[in-house]
Amino acid sequence: MSRPKVFIPRPLQPSVVERVAAHCDVKVHPHDAPMSPQQLAEACRDIDGLIACGARVTREIVDQAARLRVVANVGVGYDNIDVEACTRRRIVVTNSPGVLTEATADLTFALLVAVARRIVECDRYVREGQWQVPLWQLLWGTDLYGKTLGIIGFGRIGQAVARRARGFSMRIIYYSIDRPTPAVEQELGARFVEQDTLLRESDFVSLHVPLTPETRHLIGAAQLALMKPTAFLINAARGPVVEESALVGALQAKKIAGAGLDVFEHEPKIEPALLAMPNVVLAPHVGSGTAETRLAMANLAADNLLAVLAGKPPLTPVNPEILEGRKP
């Protein structure tokens, strides 16, 4: 009996590849860089399973992969995969939620602290040899203690950010389509408000929503205009949630005080104006970028892939409706 064929478009950790190779014939793209759509389509043409690490799986790729049974995404967001096309072909799509919650919350709060206390500016000031004499008005930042943190999207990551904010005695308000239980609100000291109220009242606005048609440009010129001129925007969710040109305009007009960004609308391309702004802290989409978390994400993707290829239900399906009627 032939073994399933699996393709991995990035060189994942050897232990993960070895686990999959124990049950499947595995081919790994050797370069840690995106493959072209043509390269990926050709690599997927006769495979049974794909571990989608940094790969954009389009309808065209899905339609050419006649044997494909599972796309296991290494990441909680799956806007890089045409789920509708996969569902039409009864291809199981999975993601890796939960295991990256704490790392992403850490990075979010790191951005918040960095932009509030001007950490990057401080580092540059020292490295460039400018620190020659003590100055009273040197690089004043903004307190976090007692300030209001507004969280848009109050799922796992949003709640984890709230837990960190409690350690700074911040007031926490949130807006979310899916509200947690009253017990969670009480535990976190978080109060639900409408989005416009959140934007008006917050000293820091942190975004934690998935990218969907409804959340694309969720934050644009109108929303930024509601924020305080002393407020900061933090985005470690998805770049297109923020209309980047509107953010540049708001920063240039001093309608908000600054931003901490791990994601960008057209990444890796960034609005050139953002690169020159000292009140903006930039990171290259590394919210989940720790050794421990990236290993856990890859292992969960491998678990999902192996389960589906063995005829078992996956742990974290994105399109569970197609699992009905599948043989165990």
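This is a predicted model: local features need pLDDT of at least 70, side-chain atom pairs count only at pLDDT 80 or more; totals for chains, interfaces and linings use all residues.

Residues are numbered from 1 along each chain as its sequence is written, and side-chain values use heavy atoms, with hydrogens and water left out.

Let us begin with salt bridges. The term denotes a side-chain nitrogen of Lys or Arg within 4 Å of a carboxyl oxygen of Asp or Glu. By this rule, the count is 19. One of them joins Asp-63 and Arg-88, whose closest N and O atoms are 2.9 Å apart. Asp-63 belongs to helix 3 (residues 59–64) and Arg-88 to helix 4 (residues 83–88), so this pair ties together parts that are 25 residues apart in sequence. Helices here are DSSP runs of H or I with at least four residues, strands are runs of E with at least two, and both are numbered from the N terminus.

How exposed are these two partners? I shall call a residue buried under 20% relative accessible area, exposed over 50%, and partly exposed in between, using a 1.4 Å probe and protein chains only. Asp-63, with 37%, is partly exposed, and Arg-88, with 52%, is exposed. Both residues also belong to a network of salt bridges that links Arg-59, Glu-60, Asp-63 and Arg-88.

Another salt bridge joins Arg-164 and Glu-102, with 2.7 Å between the closest N and O atoms. This pair links distant parts of the chain, as Arg-164 is in helix 7 (residues 156–166) and Glu-102 is in helix 5 (residues 101–116), 62 residues apart. Arg-164 is partly exposed at 21%, and Glu-102 is partly exposed at 43%.

I turn now to the interior. In soluble globular proteins, nonpolar side chains tend to be buried together. A nonpolar core is a set of buried Ala, Val, Leu, Ile, Met, Phe, Trp, Tyr and Cys residues joined through side-chain atoms within 4.5 Å. The largest such core has 51 residues, and among those touching the most other members are Leu-12, Ile-51, Leu-149 and Phe-204. A second, separate core of 30 residues includes Ile-152, Ile-173, Tyr-175 and Val-193.

Which side chain makes a polar contact with Glu-265? That of His-217 does, at 2.6 Å; a polar contact is a pair of N or O atoms within 3.5 Å, where within protein one must be able to donate a hydrogen and the other to accept it, and residues adjacent in sequence count only if both atoms are side-chain atoms. Glu-265 lies in the loop between strand 11 (258–261) and helix 12 (272–275). Glu-265 is buried yet has no salt bridge, and the nearest side chain of opposite charge, that of Arg-216, is 5.4 Å away. For charge, Lys and Arg count as positive and Asp and Glu as negative, with His and the chain ends not counted.

As for distance, Val-126 and Thr-181 are 55 residues apart in sequence and 47 Å apart in space, C-alpha to C-alpha. Val-126 lies in helix 6 (residues 119–127).

Finally, how many disulfides are there? The structure holds zero, a disulfide being a pair of cysteine sulfur atoms within 2.5 Å. For Cys-44, the nearest cysteine sulfur is that of Cys-86, 10 Å away, which is too far for a bond. Cys-44 is buried at 1%, and Cys-86 is buried at 0%.
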